[in-house]
Amino acid sequence: MKEESLKEKTAKGLFWGGMNNGVQQLLGLAFGILLGRLLSPSDYGMIAMIAVFSLIASELQNSGFRVALVNLKQPTAEDYNSVFWFNILVGTGLYVLLFLAAPLIARYYHEPALVPLSRYAFLGFVFASFGTSQAAYLFKNLRAKQMAKAGMTAVLVSSCVGVVMAWRGCSYWSLATQTNLFVLINTLLFWHYSEWRPTLHIDFGPVRRMFGFSVKILISNILIHVNANVLNILLGRYYSARDTGYYNQAYQWNFKCVSLIQGMVKQVDQPVLSGLADDAARQLRVLRKMVRFTAFIAFPALLGFGLVAHEFIVLAITAKWAASAQFLQLLCLAGALMPLNTLLSDAIVAKGRSDIFMWSTLAYAVLQVGLMIGLYPYGIRTMVVAYVVLTAGWFFVWHFFVRRLTGYALPMVLRDTVPFALAAAAVMAAVHFLTRSLEPLWLLLLVRVVLAAVLYYLVMRIARVKILDDCTRFLLSRFNPNKQS
């Protein structure tokens, strides 16, 4: 079997990343519909109040030392072992700390039931800490297929358990169990697919050497989760659990769609760009191609989802959630740029500048929290609009630093993104105009999805967009039995 080129590895990584996220989001769609029908807005509101802590637990598998290990040219078994034991100490310590802090969290939200719920949900910290090194090993070696299998299995099993618990009347406990079980199964399968195993020879020397870089990544990714969940945190404080639940339902559906694209790109961007650190010109070419691919997918997917938000919400999880649709439409505007923001920030990290990544993320967090606190008296919609505007504006902040590090000038970025944004916006506007009088809702949803997909494909084909040809060629090659390995 011949050795695969970087292009082939990247393409396969994108394929399996897309497969992983595609299956996960389809399963999330199906089970999200069932859970939305079985649970109330208040149930979702309870989980939304502490969601940021569960996300931080999952982030222990994906940030800090994982990125530091990936950025090493040739990480050794000792490097992986040092990170493994350090993360167990950190995960366990965080759980104990937050276990004790649960009454304070409940007092902040004026909700006593959050004490036992928080202590149960925070077990994800401990589960996640056991999988950091295994995840880094698979990620470093571009084992996207194995990571995809782990993720798909984890989401299927955990979602089934969550739905059964919701059906049995377990309310918000079903959502907490679903999250914990997903992290636990993912961790166990990372162990199954990774050849690396820890030893009892504990040496924190490698951790100390990586700490300066990795701690900035860890802090940055924690801030990213705070940024993404700042409205859940503040709404739970200033509004009712029901109002928080309406927003959180919109946030969850937007997150599923964003994750479909973002997760696919993140599966390969960090290891590929880091591997080209010694060839700046080639690294820039690869980055530009990734940006074009991301824009090609993200803009039609998110703008299209916003187009059918009302019909989707009412048909999928019933009219009791109709108030979520207006939030979902707005969040999709920000969601269209989120994968691009992530890609640009990952390019900064690939250059070894975790300090820029951290300080920029911190500035975004401070600005956003201050803005939301100042705007909460004006209503949830005003807060969401401000969030969308800030997210869009921060794209240019990330680009500012990427340009300084790589020479990726603004005219290049605009050529790589704006045509896809304009094409997607024009298609969605045309579909909205052509179908605005259609009834019933199920027919309107179906026609809009099909018509938007066909029109966008035709626009790309007529414009002879190269990224469409590349995607088509690769997908066809996956089903060619005579393909050379």
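Is Cys-160 buried, exposed or partly exposed? Cys-160 counts as partly exposed, at 35% relative accessibility; here buried means under 20% relative accessible area, exposed over 50%, and partly exposed in between, with a 1.4 Å probe and protein chains only. The legends below describe a predicted model, in which local features need pLDDT of at least 70, side-chain atom pairs count only at pLDDT 80 or more, and totals for chains, interfaces and linings use all residues. Residues are numbered from 1 along each chain as its sequence is written, and side-chain values use heavy atoms, with hydrogens and water left out.

**Figure 1. The whole protein has 21 helices and 0 strands.** Helices (H or I, at least four residues) and strands (E, at least two) are DSSP runs, numbered from the N terminus. Of the 485 residues in the protein, 54% are buried. The accessible surface comes to about 21100 Å², and 68% of it belongs to carbon and sulfur atoms; areas come from the Shrake-Rupley method with a 1.4 Å probe, and for residues only the protein chains shown count as cover. Contact means heavy atoms within 4.5 Å.

**Figure 2. The largest nonpolar core has 142 residues.** A nonpolar core is a set of buried Ala, Val, Leu, Ile, Met, Phe, Trp, Tyr and Cys residues joined through side-chain atoms within 4.5 Å. Leu-231, Val-384, Tyr-387 and Phe-420 have the most contacts inside this core. Helix H13 (residues 280-307) gives the most to it, with 13 residues. Zoom in on Tyr-387 and, leaving aside neighbours within four places in sequence, you will find contacts with Asn-227, Ala-228, Leu-231, Leu-331, Ala-334, Met-338, Tyr-364, Gln-368 and Met-372. As general background, nonpolar side chains in soluble globular proteins tend to be buried together.

Figure 3. Helix H20 (residues 441-462) gives the most to the patch, with 8 residues. Tyr-457 is found in helix H20 and is partly exposed, with a relative accessible area of 42%.

**Figure 4. Asp-416 and Arg-292 meet in a salt bridge.** A salt bridge is a side-chain nitrogen of Lys or Arg within 4 Å of a carboxyl oxygen of Asp or Glu, and for this pair the N to O distance is 3.3 Å. Asp-416 lies in helix H19 (residues 410-435) and Arg-292 in helix H13, so the pair ties together parts that are 124 residues apart in sequence. Asp-416 is buried at 3% relative accessibility, whereas Arg-292 is partly exposed at 28%. A search of the whole structure finds 4 salt bridges.

**Figure 5. Arg-448 pairs with Glu-311, and Asp-355 with Arg-353.** The side chains of Arg-448 and Glu-311 meet in a salt bridge at 3.2 Å, N to O. This pair links distant parts of the chain, with Arg-448 in helix H20 and Glu-311 in helix H14 (residues 309-317), 137 residues apart. Arg-448 is buried, with a relative accessible area of 5%, and Glu-311 is buried, with a value of 5%. In the salt bridge of Asp-355 with Arg-353, the closest N and O atoms are 2.9 Å apart. Asp-355 is partly exposed at 23% relative accessibility, and Arg-353 is partly exposed at 32%. Salt bridges that share partners also join Arg-288, Arg-292 and Asp-416 into one network.

**Figure 6. Cys-257 has its closest cysteine sulfur in Cys-332.** The two sulfurs are 6.2 Å apart, too far for a bond; a disulfide is a pair of cysteine sulfur atoms within 2.5 Å. Cys-257 is buried, with a relative accessible area of 14%. The structure holds 0 disulfides.

**Figure 7. Thr-177 lies in helix H9 (residues 172-193).** Thr-177 is buried, with a relative accessible area of 11%. Setting aside neighbours within four places in sequence, Thr-177 is in contact with Tyr-120, Val-161 and Met-165.
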